[in-house]
Amino acid sequence: MPTKKNRIVCLCNGVKETEILHILKKGAQNVDEIAKFTLASTGCGKCRVEIKALLDHYLNSKKPDFQHKIEF
């Protein structure tokens with residue numbers, strides 16, 4: 001999903017893709033967490049689909065953290 005990182009994803013709140021990627025790198029796991037920290041999708045909501053696509057792409061391309069122990 002190659003994109004222009006300085007483009008505005010949320011027009012209502014002027015949130016750029018770089019801001020969303022920054023929050024994802026900090027650990028956001030869903031669209032609501034992204035909205036909480038960036039206000040993206042809290043206006044009209046039309047950008048939620050695009051934010052979800054960015055989230056899915058980021059999580060699918062993220063390398064597994066082998067240092068994190070999974071509890072069973």
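A: A salt bridge here is a side-chain nitrogen of Lys or Arg within 4 Å of a carboxyl oxygen of Asp or Glu. This is a predicted model: local features need pLDDT of at least 70, side-chain atom pairs count only at pLDDT 80 or more, and totals for chains, interfaces and linings use all residues. Residues are numbered from 1 along each chain as its sequence is written, and side-chain values use heavy atoms, without hydrogens and water.

The search of the whole structure gives four salt bridges. Start with Lys52 and Asp56, whose N and O atoms lie 2.7 Å apart. Both are in helix α3, four residues apart, so about one helical turn separates them. Helices are DSSP runs (H or I, at least four residues), and strands are runs of E (at least two), numbered from the N terminus. Lys52 is partly exposed at 40% relative accessibility, and Asp56 is partly exposed at 29%. Buried means under 20% relative accessible area, exposed over 50%, and partly exposed in between (1.4 Å probe, protein chains only).

Next, Asp32 meets Arg48 at 3.2 Å, N to O. This pair links distant parts of the chain: Asp32 is in helix α2 (residues 31–38) and Arg48 in helix α3 (residues 48–61), 16 residues apart. Asp32 is exposed at 51%. Arg48 is partly exposed at 34%.

Then comes Arg7 with Glu17, their closest N and O atoms 2.9 Å apart. Arg7 lies in the segment before β1 (8–10) and Glu17 in helix α1 (residues 17–26), so the pair ties together parts ten residues apart in sequence. Glu17 is buried, at 2%, whereas Arg7 is partly exposed, at 24%. Arg7, Glu17 and Glu50 are linked in a salt-bridge network.
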